[in-house]
Amino acid sequence: MNNVWKLCLGTPDPLSSLLALSGATLDPSRLSGGACPLAAARIETERVRDRFVLRIPLSAGERLYGLGLSFEKMRVDYAARHLRCDHYAGRDTGRTHAPVPFYVSDAGYGVFVDTAEVASFYMGGTVRTDALNPPPELNRGRDDNWSCNQRAEFVEVSHIRADERAARDELAAFERHGLKIDVLGLEPGWQSGSYPCTFEWDRARFADPAQFVRDMAGQGVRVNLWENMYVSRSARIYRDLLPYCGSHQVWGGAVPDFTLEAAREIVLRQHREDHIGVSGYKIDECDGYDQWLWPDHARFPSGASATAIRNVYGARLQRMFYDDFRARGKRTYGLVRASNAGAASLPFCLYNDCYSFGQYLTGMATAGFCGCLWVPEIRDASSAEEWVRRFQLGALSPMLMLNAWANGAKPWQYPEVESIIADTIRLRRALLPYLYTAFYRYHSEGIPPFRAPVMDDPTLTGREDASSGALDGTANPYELRAARDVTDQFLIGDALMAAPMLPGQTEREVVLPRGVWHDFYTGEALRGTVRYACPLERIPLFVKSGGIIPLLREDGTLEARCYGERGETTLYDDDGETFAFERGEYALIRLAFSRPPESAPQSDVEITAHNFETAYKRVTFVPVG
Ligand code: GAL
């Protein structure tokens, strides 16, 4: 290598590709003052909505190589119009394990775009209408050289640089598609520094954060902030916090010992001052082991062992944030990547990057045993069908969450299933009164809102042979050994069971707990083990006989879907925001129905309001089946 030129455009991202690893930047002594082989004056940048665009000149006939490990092509110019520097790659790039934003030219130079973002590289295939030397227009009928790919005079690189405007645009796009967001989560870039974190707003991206949060609230959208708790030297609380931090860093940041009240107070005071109006946090990367958190021999000022602190770090953080919201009389609902026994009662959902559909479904069944809430987040899919099935699973979980952090995913990204996705989101919204009641029972009685069917029916097994009935305590051990645990179904609230379809399935086996159950859609009575066929737009859902599933309609009234001959249920409602319910401000809405064969269906609504006016006053009973 002869010379290195560095060009810095705008405000660099706090996390770059080089910084991610070593904290390294380009060594200034290697920078050259000589002439750059690229026409530097022709390097252009542009902001297009939420994307930052970089344009690098390209000469005719130049050949380009690089952009990471490839199993397909060697040259990356021209023929490959679009390459994404992304581990997930897949659809347009093919598999890669090293999405490196560096290419070399046979003209004797290389270009390294120092970004940690998922960047799109258009390698000389995007011709602009204002090109200085546009390729000649050829006639396909006459010119043998005609090609649908035209050689451009630039390589174009773009990546999303989310800021306040991008967030507002995002909301507007959801609105255009008839979808409503309740919570907008801002990922690391909202901070002036992240990995390690400052916990302070990046004022270049969010000029007036409090106003931004207020504007969002005005549109019915709450703001959630991503954080991991490893503190940057440039955080204004760094100095105060340092005496309360452990002996080892994580990702370049100091690790506060949150078992100490002083550490909690410093962090919370700063959060209260800076995060006005914020509704909750996504507490990331507090899971893990000594591979990337602190080593077993790390020391913490409280004197607690490094391993114990690691095991309860996420739980302690949930308690810290919850207590702070509570002290201000506000509820919160957040995300966290590690939990433990002490946090079972706290309003945080666990999430993870593993992205295995089967494992995400198993998590729905197992989470109830330890009292945690598990969220099968939605990120990406390899087909429209998988996209639908992922949304269906998400819609029936503690939080329907689209994690667009890595790829800017949108619910409508597969146009052919957009209406199914919209219906799935609508079903979620319609189920809110039912889910809210299930969460109330969790809070008041400890019954997990999402749980394995075996929790309600300990005799439940996944035996193929259902004719002999469910196993009971008297079954012989051989039969017991033949049984399998049912991990791909889960109960929701007191009357509903989901048996989600995996991508590729058109029918599946469903093991029903004891008694009669009904198909949610048709009301058909079922029992035992059944084979269930299901079109893409439906999620296999079953209702216990006597169950009432209230669905919230768009006009604010309830449609109480009734299954079986008679039943009753009590819905819970309160202000959803504060702790006034603890002072008795809530409403109970008792719904009952009966339809003996010989008489017309009877139904009844009885509201017990305790200083709280419920909106659920108009109920239409709909017998199903
Ligand atoms: C990951 C987390 C993702 C996203 C990302 C941001 O650790 O699991 O959901 O938040 O960090 O850098």
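At 34% relative accessibility, Asp323 counts as partly exposed (buried is under 20% relative accessible area, exposed over 50%, partly exposed in between, with a 1.4 Å probe and protein chains only). The model is predicted: local features need pLDDT of at least 70 and side-chain atom pairs count only at pLDDT 80 or more, while totals for chains, interfaces and linings use all residues. Residues are numbered from 1 along each chain as its sequence is written, and side-chain values use heavy atoms, with hydrogens and water left out.

**Salt bridge within a helix**

- Asp323 forms a salt bridge with Arg319, with 3.3 Å between the closest N and O atoms (a salt bridge is a side-chain nitrogen of Lys or Arg within 4 Å of a carboxyl oxygen of Asp or Glu).
- Both Arg319 and Asp323 lie in helix α6 (residues 306-327), four residues apart, which is about one turn of the helix; helices (H or I, at least four residues) and strands (E, at least two) are DSSP runs numbered from the N terminus.
- Arg319 is partly exposed, at 28% relative accessibility.

**Salt bridges between other parts**

- Arg590 and Glu568 form a salt bridge, their closest N and O atoms being 3.2 Å apart.
- Arg590 lies in strand β26 (residues 586-594) and Glu568 in strand β25 (residues 566-573), so this pair ties together parts that are 22 residues apart in sequence.
- Arg590 is partly exposed at 24% relative accessibility, and Glu568 is partly exposed at 49%.
- Salt bridges that share partners join Glu44, Glu46, Arg55, Arg128, Asp130 and Glu156 into one network.
- Arg63 forms a salt bridge with Asp106, the closest N and O atoms lying 3.2 Å apart.
- Because Arg63 is in the loop between β2 (51-57) and β3 (64-66) and Asp106 is in the loop between β5 (102-105) and β6 (109-112), the pair ties together parts 43 residues apart in sequence.
- The count of salt bridges by this rule is 47.

**Around the ligand**

- There are 13 residues around the ligand, of which Glu187, Lys282, Asp284, Glu285 and Asp353 come nearest (a residue is near a molecule or strand if one of its heavy atoms lies within 4 Å of it).
- The shell residues divide into five nonpolar, one polar and seven charged (Ala, Val, Leu, Ile, Met, Phe, Trp, Tyr, Cys and Pro count as nonpolar, Asp, Glu, Lys and Arg as charged, and the others, Gly among them, as polar).
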